[in-house]
Amino acid sequence: MGQPAPTHPGVSFVMPVYNEAAYIDDAIDSVLAQHYDGDHELVVVLGPSTDGTTERVIERAATDARLRVVTNDALSIPLSLNLGIRAAAHDIIVRVDAHTELQPDYTARGVATLQRTGAASVGGLMVATGRGRLQSAIARAYNSRLGLGGGAYHGGASEGPAESAYLGIMQRDALLAVGLYDEGLKRGEDWELNFRLRDAGHLVWLDPELRVTYWPRSTWAKLARQFTATGIWRGELVRRLGGRNSLRYFAPPALVTSIAASVVVLVLQLTGVVTGLASVLLSVVHVGPGLYALVLLGLLVAPSSGQTFADRATFARVIAVMHLSWGFGFVRGFLFGARDAIDTSRTES
């Protein structure tokens with residue numbers, strides 16, 4: 001008979017890092033403060049940061065043997081993750097990001113869930129939070145079904161099998177068996193990895209008691225660039241996998257397409273190129289954008305949008321930027337491919 005699995009197996013946290021000086025200390029602290037009885041280490045994979053992040057991580061690694069450093073000169077999260085997983089000393093991988101903070105019992109509960117369910121990948125809920133009006137509004141949008149389309153890890157789901165896992169507490173052997181993260185992707189690598197795990201017969205599991213604090217982007221430009229890049233790579237994944245993507249991913253590009261069609265028809269109507277019955281029939285394209293405008297107006301009075309009118313107006317604008325940037329990116333990625341598009345919101349601290 002083989003030896004029973006240890007109650008507290010060794011865990012390797014893997015954290016890809018690039019230009020995160022404002023968040024890196026809190027992220028590392030939340031990992032090193034985990035209430036976990038098994039052996040554990042933090043493998044930080046350093047990208048070519050320009051804001052002092054690298055120096056800070058190396059300084060901390062020199063005083064704490066639990067923190068190990070791996071370098072990656074390329075701007076690629078999947079490559080960084082794969083380097084960290086290959087360098088890991090333990091059989092359970094816990095992905096963490098520099099914009100996240102773990103609750104103290106996150107690892108203990110996640111490992112227990114992994115063992116209880118026999119899953120290859122377990123994830124919990126992303127709980128976005130922010131400082132100031134804009135980042136707080138972005139955080140509310142992340143936590144809202146309206147903002148990110150109802151992904152299970154944004155809240156509201158019960159424990160059970162899942163499409164994907166946020167971050168992920170994962171069996172290293174299962175990751176190696178499916179080829180680790182796809183290094184050809186720049187966004188959507190979590191979803192695609194969990195897709196291959198499920199395709200190989202492994203279980204992906206959601207435990208909503210696992211909660212991760214996430215600090216979103218904090219400027220309009222970074223938000224738009226992030227969601228454009230995410231949309232581009234989702235469009236690329238649809239090119240590759242077709243209808244095997246969830247239907248919710250098609251809502252933002254449908255919105256962008258309907259707005260574009262509405263603008264074209266409106267110009268034709270105002271210039272007299274289209275008149276009469278044809279104009280009446282074509283006016284149906286204005287329904288979608290009109291309804292969407294009403295939704296945004298409704299957010300100005302919805303209590304969940306914020307405490308003050310300024311907060312609610314910021315939230316409504318955040319929702320629009322998320323949807324339109326993501327939708328535009330999706331259309332571009334689907335029609336022309338991702339072509340190594342990167343999330344340029346990461347190129348500055």
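Tutor: Let's take strands β6 and β8 in this predicted model. Strand β6 and strand β8, which covers residues 169-171, pair in the antiparallel sense, and 2 bridges link them. To find one of these pairings, look for valine 122: its bridge partner in β8 is isoleucine 169.

Strand β6 has another neighbour as well. It runs parallel to strand β9 (residues 204-214), and 7 bridges join the two. Here you can look for serine 121, whose bridge partner in β9 is valine 204.

Next, step back to the whole chain. The protein chain has 13 helices and 9 strands, and 51% of its 349 residues count as buried. Among contacts with a separation of 6 or more, 81% are between residues 24 or more positions apart. For 349 residues, a compact globule would have a radius of gyration near 20 Å, and the 22 Å of this chain agrees with that. Along its principal axes, the C-alpha trace spans about 80 × 45 × 40 Å.

What about the inside? In soluble globular proteins, nonpolar side chains tend to be buried together. In this model the largest nonpolar core has 66 residues, and Met15 and Leu42 have the most contacts inside it. Helix α13 (residues 309-336) gives this core its largest share, 9 residues. Another core, of 23 residues, lies apart from it and includes Val45, Ile85, Ala120 and Ala165.

One last stop is serine 279, which sits in helix α11 (residues 276-282). Buried means under 20% relative accessible area, so serine 279, at 15%, counts as buried. Its side chain makes a polar contact of 3.1 Å with the side chain of glutamine 269. Not counting residues up to four places away in sequence, serine 279 touches Gln269 and Val274.

Notes:
Residues are numbered from 1 along each chain as its sequence is written. This is a predicted model: local features need pLDDT of at least 70, side-chain atom pairs count only at pLDDT 80 or more; totals for chains, interfaces and linings use all residues. Side-chain values use heavy atoms; hydrogens and water are left out. A nonpolar core is a set of buried Ala, Val, Leu, Ile, Met, Phe, Trp, Tyr and Cys residues joined through side-chain atoms within 4.5 Å. Buried means under 20% relative accessible area, exposed over 50%, partly exposed in between (1.4 Å probe, protein chains only). Helices (H or I, at least four residues) and strands (E, at least two) are DSSP runs, numbered from the N terminus. A polar contact is a pair of N or O atoms within 3.5 Å; within protein, one must be able to donate a hydrogen and the other to accept it, and residues adjacent in sequence count only if both atoms are side-chain atoms. Contact means heavy atoms within 4.5 Å. The radius of gyration is taken over C-alpha atoms; the globule rule is 2.2 Å times the number of residues to the power 0.38. Two strands pair if DSSP finds at least two bridges between them.
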